Amino acid sequence: MSTPAIALNRFGLGAKPDELLPSNPKSWLLSQLDAYDPLPAPWKMQPRTTALLDTWLTQQRAARQAPEGERSGVREAYLRQGREAYVAAVGARTHSALQSNTPFVERLVHFWSNHFAVSTDKLLVVGLAGGFEADAIRPRVLGRFEDLLLAVVRHPTMLLYLDQAQSIGPRSLAASRAGGGGQQRPRGLNENLAREILELHTLGVRSGYTQNDVTEFARALTGWTLPGDESAAGSATFRFVAALHEPGDRVVLGRTYASGGEQQARSILHDLVTSPATALHIARKLARHFVADEPPAALVQRLADTFSRTDGDLPSLYRELVAAPEAWRPASAKFKSPWDWAISSQRALGRQELPPGQAINLMNQLGQPVWRPGSPAGYDDTAATWAAPDALLRRVEMAQRMATQAGDAVDARSLAPRVLPGAVSEATAGAIARAESGSTALALLLVSPEFLRR
Amino acid sequence: MSLDRRSFLGAAALITASPVLFAQAATERRFIFIIQRGAADGLNTVIPYAEPAYASARGALAIDASSALKLDGTFALHPSLTKLRDLYAAEQAMFFHAVASPYRDRSHFDGQNVLETGGAAPYQVKDGWMNRLVGLLPRTGKEAIAFSPAVPMALRGPVDVTTYTPSALPQANDDLMLRVEQLYAKDAQLHAIWSSALDARGMATGGMGGGAARQDSGALGKMAAGFLARADGPRIAMIETSGWDTHSGQNARLASQLKSLDGLIAGLHEGLGAVWSKTVILIATEFGRTVAANGTGGTDHGTAGAAMLIGGAVQGGRIVADWPGLKGSDLQEGRDLKPTLALDALISSACAQTFRLDTDRTAKMLFPSSGQPQAMQRLLRT
């Protein structure tokens, strides 16, 4: 691929037909770091986390107050409402991606949202997933990693998804009260969030932490929960409840953290961020996303060094990436994920909007439902996952459908060099020229080897 | 996807992108234009079996005279076209040979643009001749209807055409599948994945078409007929068929394509019922294919081809051809069937007679830049 094509496709979300070619691809990418809008028009119309949380808390209260036989009805009503919020939020995400003039940063939003994945197969998360991306991820992709991590861990969606909201210190005030009162609420320590922070968000799996580190970290995190449902939440979306907190010092990865309430887990998080393992983990994932499934070791090391040197300043990492010769190799090593492919296809066709229901169906059919990776590990970022026979058939089928909808209003012969400047192979140009109809030509462009990769 | 891939591929290319487009006008007559996108091979559809050069030029691709469905002492239909043979015998089908639009180059896009706009050159005219035809007819209170995700060029223009797509319309088509296969031929990763996908689905190139194609195209025909048969329904329709670009493996593919086309006509016939007697169906393609077979069991882009008029209103049982011959010296540029009949004249004459419009005025509106094409008389029963 040519450098403009790399900037548009490997770093961006695919060219739009009316887009001017970046004359200086690198500065075009870097200028986006200044032009990015964390809350573009499609997201502005969405309810914020405070409102979504209020709905959740209201439901909790209603369920508690409802007679036994009516609780499931309350829950169903909440899930229905959550489904509507999900549909609208997928629409906002899709429209942002289709309309964005800062597609490099938009791609980074998708990257971090997947790094800190929540999954709507946990039903209570369905209505809250959009708020998580809008309020935890979007405002912080150009800040420090630690701030991003903290926003994620304190966000109600993550607190609920990884069960932190219910975690209680076994020797906390609340636990001893509950035990004394003979209540039948067998709640205690939940290690889920602590484990995933270590394994997925920061250090990375098999980086040397032990089960004891997980348990100790989980104890330190007790008390990190949602605002109380008895009070109107107001603007708060997080609360530290001292009564739930496990008292005492904690030892994580050989370091002792003195008892100190909320600050205890914050100190652990801070140290996790400064660990070389975290720098390497993040460096490897970023390089994998932008360069190759097995990224060059030298690049990974440079990124890790930058991460450590700058205390996890994310824009510094992005600049290192843009400056890296490894990222500008002409061969496209990355096979587009279904999301990448769908968005770049729609952008190529000049679509500004897609009915949210259609976007949801499209992603379900392509095998990458939005915010539903099925696990906190998020979607895999390698060709082995996406370049599969049935998946490819579905793309061909979808390409045909999109092309038929576009009709011959779009001429693939002139579109191809605009969305893949200097990167259309002879084979593809020939196939497009020989196609028996305008829509077949367009479908062939969308499933051509160079359009399937970036 | 809930779509059953077997049945949807079995539907063959005909169904694939087979949007049906309708427009309504105050007349009892129905006019349906079936476009064959991809340059259908006229020589193996309406076969000049008595022409000695046919078998020698076509070699293995020549349809054996003993299996072809003979129409007269010169021409025969492809064995797949049994319904058309019956309609010909009933004097409700009429074939035209060595026919071509004014377009003389060999690009599908450009050729289809000329065929659909009615211009003399690609992109010269901005709207479609069918849309201009609707404009010539008296209006009723009802808005025109179109069945399709997108309005094809032939129906585009100032007169409104509403669109409707049957939601179950299968979308991918054999032609696209074959082209994708070729496109991935030199890409090791994609070629392997694609081959495995085709194997897994049991739909390798050889096993397509067959009975299912005919059945599904028949269903499409009946569905379209359901709209056209209504007294308050549309009077003008367009059906798009694709998959005619047979550069390789032509015999099996064309057999399947023609079977689908035959099934489509059968479905229309059955579904239209009493309205069949008021129906005119025109079938045409952007250009024909080379006289000689190529090196890959197919034929390449040519010039003249075959067209058809079918329906209860057609004065059929005839073949119209000023036969140019197939010897080397007879051919257009030494390779193609030479055009001796103007497709423009056929279309404008058929439209004028269907809706009882003035012949000259219709020709000028539909094909403004093709001069004064020789009108063709008595295509229809009066």
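**Getting to know chain A**

Chain A has 24 helices and four strands, where helices (H or I, at least four residues) and strands (E, at least two) are DSSP runs numbered from the N terminus. This is a predicted model, in which local features need pLDDT of at least 70, side-chain atom pairs count only at pLDDT 80 or more, and totals for chains, interfaces and linings use all residues. Residues are numbered from 1 along each chain as its sequence is written, with chains lettered from A and ligands numbered from 1 in the order in which they are written.

Student: What share of the residues in chain A is buried?
Tutor: A residue counts as buried if 20 or more other C-beta atoms, placed from the backbone, lie within 10 Å of its own. Out of 454 residues in chain A, the buried share is 52%.

Student: Are α21(A) and α23(A) roughly parallel or roughly antiparallel?
Tutor: Helix α21 (residues 412-419) of chain A and helix α23 (residues 438-446) of chain A have axes that come within 9 Å and cross at roughly 20°. Axes are lines fitted to C-alpha atoms over the stretch in contact, with angles from 0 to 180 degrees between N-to-C directions. Angles under 35 degrees count as roughly parallel and over 145 as roughly antiparallel. So α21(A) and α23(A) are roughly parallel.

Student: Which residues of α23(A) make the contact with α21(A)?
Tutor: Two residues are in contact if their C-beta atoms, placed from the backbone, lie within 7 Å. On the α21(A) side we find Ala412(A), Arg413(A), Leu415(A) and Ala416(A). Their partners on α23(A) are Gly438(A), Ala441(A), Leu442(A) and Leu445(A).

Student: What is the box filled by the C-alpha atoms of chain A?
Tutor: Picture the box taken along the principal axes. For chain A, that gives roughly 80 × 55 × 40 Å.

Terms used
Parallel < 35°, antiparallel > 145°, perpendicular 65-115°, else oblique. Buried ≥ 20, exposed ≤ 12 C-beta atoms within 10 Å, placed from the backbone.
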